[in-house]
Amino acid sequence: MAHSNQLKPNHKAIQHYYETLQTFSDQKVTHEGATETAFSRLLADTAHAHGWTLIPKLPMRVGAKHIAPDGTVKDEFNLKRGFWEAKDTDDDLDKEIRKKIDKGYPLGNMIFEDTREAVLYQNGLEANRYDLTDPQELCGLLNEFFAFVEPEHKDLNPVLAEFEWQAVKSGLVVGGHSWDTVVMHSCTIGWRNG
């Protein structure tokens, strides 16, 4: 289900992200293995409000290759809702993005970032670039990432709205679960098997 949890710069997770990066900077730490932990925590903490879970380094098969984005975000129905890939602050972000694209990394809803800049891909195309040193831009990136709905899922929203109205009117509960849990689970099974 769509959630309307718009992040703002004063959000605790946003502030913690910048505090963590400052701590790394004070220690002269710039390598990806360390700096990625700040964004990983930020993404995990903010995904939770949307009913999503960040799974680090989840391997997946692309053709004959195996890849593992730094983060895969799944919803409560185990659907992959987005991906994240961290790069070193000393890397050329555009070159690193090209390498990942050539390896077959998913671009449906993907964040590439190096703590200074982020590039958001949606529907296979570059959607936007963000200055991550600006808290408002960081919020914009995350809000756009969490608001994304795969095109094949968009047509479902009017159907669910009508069903919700009918379910609420009739007090529908199935097996102890509310109507939205039952419907989304049914749809998830259909999408996986379809």
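**View 1. Lining of the second largest pocket.** In this predicted model, the lining of the second largest pocket comprises five nonpolar residues, seven polar ones and one charged. The volume of this pocket is about 250 Å³. Its lining counts 13 residues, and Leu21, Gln22, Ser25, Val29 and Thr115 lie closest to the pocket centre. Helix α1 (residues 12-26) is the top contributor to the lining, supplying five residues.

**View 2. Salt bridge between aspartate 94 and arginine 129.** The two side chains meet with an N to O distance of 2.6 Å. The pair joins distant parts of the chain, 35 residues apart. Aspartate 94 sits in helix α3 (residues 93-102), arginine 129 in strand β8 (residues 125-131). Aspartate 94 is partly exposed at 40% relative accessible area. Arginine 129 is also partly exposed, at 30%.

**View 3. Salt bridge between arginine 129 and glutamate 117.** Here the closest N and O atoms are 3.1 Å apart. Arginine 129 belongs to strand β8 and glutamate 117 to strand β7 (residues 117-122), so the bridge ties together parts 12 residues apart in sequence. Glutamate 117 has a relative accessible area of 27% and is partly exposed.

**View 4. Salt bridge between aspartate 102 and arginine 98.** The closest N and O atoms of this pair are 3.4 Å apart. Both residues lie in helix α3, and because they are four residues apart, about one helical turn separates them. Arginine 98 is partly exposed, with 47% relative accessibility.

**View 5. A salt-bridge network.** Salt bridges link Glu32, Glu85, Lys87, Glu96, Lys99 and Lys100 in a network. The structure holds 14 salt bridges.

Conventions. Residues numbered from 1 in each chain as written. Predicted model: local features only at pLDDT ≥ 70, side-chain atom pairs only at ≥ 80, totals over all residues. Heavy atoms only, no water. 1 Å grid on protein atoms, 1.4 Å probe; cavity = no way out; pocket = protein on both sides within 12 Å on 5 of 7 lines; lining within 4 Å. Points joined across faces, edges and corners; volume = space filled by probe spheres on them. Helix = DSSP H or I, 4+ residues; strand = E, 2+ residues; numbered from the N terminus. Nonpolar A, V, L, I, M, F, W, Y, C, P; charged D, E, K, R; others polar. Salt bridge = Lys/Arg side-chain N within 4 Å of Asp/Glu carboxyl O. Buried < 20%, exposed > 50% of the residue type's maximum accessible area, 1.4 Å probe, protein only.
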